Amino acid sequence: MKIFVTGGAGFIGGNFVYYMLKTHPDYDIVCLDALTYAGNLHTLSGALENPRFKFVKIDITDRDGIFGLFDTERPDIVVNFAAESHVDRSILSPEVFLKTNILGTQVLMDACREYGVKRFHQVSTDEVYGDLPLDRPDLLFTEATPIHTSSPYSASKASADLLVSAYCRTYGLPATISRCSNNYGPYHFPEKLIPLMIINILNGKPLPVYGDGKNVRDWLYVEDHCSAIDLIIHDGKVGEIYNIGGNNERSNLQIVELLISTLGKGEIKFVRDRAGHDLRYAIDSTKIKTQLGWTPRTDFENGIKKTVDWYLNNRSWWENIVSGEYINYYRRMYEDR
Ligand code: NAD
Ligand code: DAU
């Protein structure tokens with residue numbers, strides 16, 4: 001079995017590469033990644049020497065390049081993680097989100113059709129459902145919740161989902177979609193809440209909490225997301241959407257306070273809110289649990305401890321990133337906020 005993993009030099013894709021190499025000792029994995037600001041070959045350093053692994057630097061919107069690669073490699077399964085993934089960046093510059101997240105997905109699906117790929121899996125997000133009110137803890141997103149997006153990022157992911165469903169119905173593309181809640185764990189890019197706060201604490205910088213910090217996210221340890229996708233590509237039903245969630249709702253303030261107490265220091269600074277900021281995400285994962293037998297293995301306290309330890313023990317990974325482009329982005333995003 002040969003699996004194409006797009007976006008495998010990023011956070012979740014990189015964890016998925018390691019998960020698949022470990023879980024399926026007879027599989028070959030080919031990682032396709034454009035190495036944008038979010039992609040990092042150091043993330044894959046533990047896989048690069050593995051004879052069952054290959055890295056190809058390629059942009060998923062490069063139709064000729066992608067078709068050429070499918071022609072030579074002939075993958076059985078394609079799992080599409082490649083995306084522009086940060087909401088704040090999508091508010092600053094939406095265009096590249098539309099190009100990569102929508103048109104890139106289309107190119108991959110066209111190649112899957114041409115070369116008879118047995119399964120195309122689209123890694124989507126709970127953000128396509130919009131948000132839930134803070135005062136209705138009884139409400140959760142199910143797979144039947146209507147799409148209702150807030151940011152250019154979520155609109156681009158929702159557009160891609162609609163396109164995947166259309167390719168499945170119109171062309172018979174054997175596709176599945178998963179919509180997961182917020183991940184955390186090793187190799188998480190420093191622009192995102194949890195790594196940003198850990199790194200700012202370690203660097204003695206203020207901890208920028210948007211608005212009043214009451215917005216809620218549902219957190220899942222990244223390896224549990226990987227195990228869910230592994231199940232879906234093998235046992236999931238073509239044409240189906242599967243929600244994946246951690247059942248771990250926390251306000252942003254609770255997250256930041258937990259990190260402060262774990263690391264023993266840190267000073268919160270409330271800053272201007274994100275435009276269109278979603279209030280609450282909460283996922284109902286009943287379908288994947290009952291139909292595919294998925295269960296998350298890492299509880300939140302243990303997952304946060306493992307994550308903090310990883311950032312403490314892998315300083316060079318994030319110190320290399322917290323430079324150049326990232327410093328410019330950080331200034332633009334947080335100065336005068
Ligand atoms: P990330 O930003 O860490 O990684 C994205 C990867 O895609 C990078 O390696 C980047 O170089 C690559 N990439 C970007 N544009 C590309 C292009 N045009 N061609 C080829 N490669 C390209 O993102 P992540 O957090 O690992 O998210 C991965 C996927 O999971 C995304 O599709 C995202 O929407 C989805 N998702 C993320 C979360 C989360 O909490 N992080 C939750 C649910 C779903
Ligand atoms: O729900 C899944 C989504 O989770 C994924 O689809 C996205 O790719 C991923 O980036 C993530 O989106 P969020 O917007 O929820 O993640 P982020 O880490 O950017 O922010 C989490 C919360 O923390 C959000 O309410 C905004 C807040 N925040 C974020 C940053 C970076 C702050 O208060 N301060 C910050 O500096």
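Which residue places a backbone N or O atom 3.5 Å from an oxygen atom of ligand 1? G39 does.

## Basis of the model

This is a predicted model: local features need pLDDT of at least 70, side-chain atom pairs count only at pLDDT 80 or more, and totals for chains, interfaces and linings use all residues. Residues are numbered from 1 along each chain as its sequence is written, chains are lettered from A and ligands numbered from 1 in the order in which they are written, and side-chain values use heavy atoms, with hydrogens and water left out.

## Ligand 1

Around ligand 1 stand 28 residues, and I12, D33, S85, Y153 and K157 come nearest. A residue counts as near if one of its heavy atoms lies within 4 Å of the molecule. By class, this shell has 14 nonpolar, 11 polar and three charged residues. Here Ala, Val, Leu, Ile, Met, Phe, Trp, Tyr, Cys and Pro count as nonpolar, Asp, Glu, Lys and Arg as charged, and the others, Gly among them, as polar. Four elements each supply at least two residues: α1 (11–23), β5 (119–125), α5 (152–171) and β7 (182–184). The largest share, three residues, comes from β5. Helices (H or I, at least four residues) and strands (E, at least two) are DSSP runs, numbered from the N terminus.

Polar contacts are pairs of N or O atoms within 3.5 Å; within protein, one must be able to donate a hydrogen and the other to accept it, and residues adjacent in sequence count only if both atoms are side-chain atoms. A side-chain N or O atom of D33 is 2.6 Å from an oxygen atom of ligand 1. A polar side-chain atom of Y153 also lies 2.6 Å from an oxygen atom of ligand 1. Alone, ligand 1 exposes 830 Å², and the protein buries 96% of that. Accessible areas come from the Shrake-Rupley method with a 1.4 Å probe; for residues, only the protein chains shown count as cover.

## Ligand 2

Ligand 2 is surrounded by 25 residues, the closest being D126, Y153, R274, H277 and Y334. They divide into 11 nonpolar, eight polar and six charged.

Y153 returns here: a polar side-chain atom of this residue lies 2.6 Å from an oxygen atom of ligand 2. H277 has a polar side-chain atom 2.6 Å from an oxygen atom of ligand 2. P208 uses its backbone instead, with an N or O atom 2.8 Å from a nitrogen atom of the ligand. The protein covers 95% of the 690 Å² of accessible area that ligand 2 has on its own. The elements giving two or more residues to this shell are α6 (193–202) and β8 (207–210).

## Aromatic pairs

The whole structure holds 23 aromatic pairs. Rings of Phe, Tyr and Trp (its six-membered ring) pair if their centres lie within 6.5 Å; planes under 30 degrees apart count as stacked, over 60 as edge-to-face and the rest as tilted. Y18 and Y187 form a stacked pair, 6.2 Å centre to centre with 20° between the planes. This pair links distant parts of the chain: Y18 is in helix α1, Y187 in the loop between β7 and α6, 169 residues apart.
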